[in-house]
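Let's take a friendly walk through a protein model, one step at a time.

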Amino acid sequence: MVIYLIINITSGICFLLIILILLYDFYSKKRLNRLENRYFLFLTYINLFGLILEIILSIVLIYNHNLNGIFSKLIYIYYLIFVANLFLYFYALSNKITLKENKKFKVVRKKISLIFSFLIYILLCFEVSDSNIFSLTDGSYFAYFCSMVTLIIIIFMLRKNVNNISKKNSFIILIILTLGFLSVVVQFYFSNILLIIPVHTIVILLIYFSLENPDLKLIKKLKTAQKKAENASNAKSDFLSNMSHEIRTPLNAIIGLSEAMIENEKIDNNLLEDIENINEASHLLLEIIGNVLDINKIESRKLKINNVNYSIQEELFKIVNINKEKIKNKDIEISVNINKNVPKYLYGDPALVKTIFTNYISNAVKYTKKGKIIISLNSKKVDNEYLIIFMVEDTGMGIKKSNQDKLFKKFSRVNLKENINIEGTGLGLVIVKTISTLLKGEVEFSSLENKGSIFTSYFVQGKSNKKIKEKAKKLNIITKKDILVVDDNLLNIKVLKRMLENVDVNITEANDGYECLEILKNNKFDLVFLDIMMPGINGIETLKKIKKLKLNKIKVIALTADATNNSKGKYLKYGFDDYQAKPYKKEDILKKLSD
Ligand code: ADP
């Protein structure tokens, strides 16, 4: 008999230590104050109390065997209290009652307290024998029966709420409940060794390391929060790209038609100024959309590098020419210095490089009233790559020293008083910095108030391994062409027709992919301008079907408001011969015709 008591004392002390370590770990970590969490803590304290009871009573029993009966009754009371709390724990877990006890839970808790108080009362009424340490009498059968019934009820409850429990957790709960059943059965046969309380400790350990570990719970909560934030951010970026697409389409009409009107000699001079203003404002809006779209890509980490062989000088001149238009009425002289070192062709991302050029040059134009803008392009060969040094110097308003550390931050606009009439988003410089960094470079600037500024961007581009064919530069040599324009937006077709009014081309129109295919089957064309977003079959599907027609020498150009940085590469991969973003200028279209 004494040997069993010593085993009980030793195991009691071991498990007590384990529970104390667990409690220490539990309290030393930041945890979530959830309901199931609190019931888990109750369970742990009840078990701790049970283990202390086991050790004290076993020591007492060494000296006084007549206390076996009372010992058993106390242990059975512990047992019922533990099972009652286990039920409440699983109830809270499976019903996802997270923070506070709700009404339903309070009712259940009251009922369980009443039922188990009554069961404990009945237990106390049973006679107990003192033959074994853990005596097997009617009282013990009663306690075993009650706990078995409770475990079965728990299983049914979990089954009912199975959707609220993850697969992994269901498996762990199954192990826990199996352990509970087994311990009762084993205890039944080995009534001298106190098994149930240590088994409860193991159950608590299992729960702690699987379901209740504060670390795991926090990680889970963090993951849910991260997922929510990612979803919200994705929704935001999708919304922004859709909006930008939607805005670009009507903007195409505004820019295209106003440009056509500016070219029209019959337009009255007073009206011409207004139309020029409309045109300028629409270009500005386009720039703002471009910036918002770029920053959106940066934030959603969708900004990728799309390398191709390209001419950096050609790209620079495109941007310079656009900006020259803007300063027509200002007393500003723009000069461009391209160092001899700069290779004619590079291997890199022209869209990203163009974004750097655009932002620096358009800032110089915006913030300079008169004087000079000097643009320089230089390069240094580093191993097999080129470090490009792009610098824009202006004699504009400059930036106060106190404001200089605010630059290159999102939405940060400075010199607001002076810039009151100058439109901007405060995104341009951040975009340049991000792109320069992405291209293994950096940015630099210096500025003196009322004297001017110098903005520099360093970035790396690869060596071009392919010789690009020299393209015919003269845009005005356009041989007569038959063109098919496919767009569901009639205004867009009108814009293109108006732009090509004085050009020697025959334009046929189609309003969707099916009509386009029908027309192509029966007629010969040199060029198709194909919109992408169309009802029925979209541009990409239409292109696949056009390819199947095996038409000779026909060029299909994607004409789309999808104007993100890597759009061109994307459409060329789909099999288009070329790509033109909307809104476009007359020169863009003429270039496509002469290419
Ligand atoms: P935005 O021009 O759209 O306001 P940017 O990020 O391009 O946004 O520029 C941020 C701010 O830096 C501008 O609001 C302007 O005050 C200042 N800034 C940028 N470039 C120049 C420049 N060349 N001369 C003077 N101020 C400039």
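Which residues in helix 3 meet which residues in helix 6? Tyr79, Phe90 and Leu93 in helix 3 meet Ile173, Ile176, Leu177 and Val184 in helix 6, where contact means heavy atoms within 4.5 Å. By class, this contact has 7 nonpolar, no polar and no charged residues; Ala, Val, Leu, Ile, Met, Phe, Trp, Tyr, Cys and Pro count as nonpolar, Asp, Glu, Lys and Arg as charged, and the others, Gly among them, as polar.

Before going on, note that this is a predicted model, in which local features need pLDDT of at least 70 and side-chain atom pairs count only at pLDDT 80 or more, while totals for chains, interfaces and linings use all residues. Residues are numbered from 1 along each chain as its sequence is written, and side-chain values use heavy atoms, with hydrogens and water left out.

Now find Tyr79 again. Tyr79, Tyr89 and Phe90 touch the most other members of the largest nonpolar core, which has 69 residues. Such a core is a set of buried Ala, Val, Leu, Ile, Met, Phe, Trp, Tyr and Cys residues joined through side-chain atoms within 4.5 Å, and buried means under 20% relative accessible area (1.4 Å probe, protein chains only). Helix 3 gives this core its largest share, 18 residues. Not counting residues up to four places away in sequence, Tyr79 touches Ala143, Tyr144, Ser147, Val184, Ile196 and His200. A second, separate core has 42 residues, including Leu316, Leu407, Val432 and Phe455.

Note on methods. Helix = DSSP H or I, 4+ residues; strand = E, 2+ residues; numbered from the N terminus. Buried < 20%, exposed > 50% of the residue type's maximum accessible area, 1.4 Å probe, protein only.
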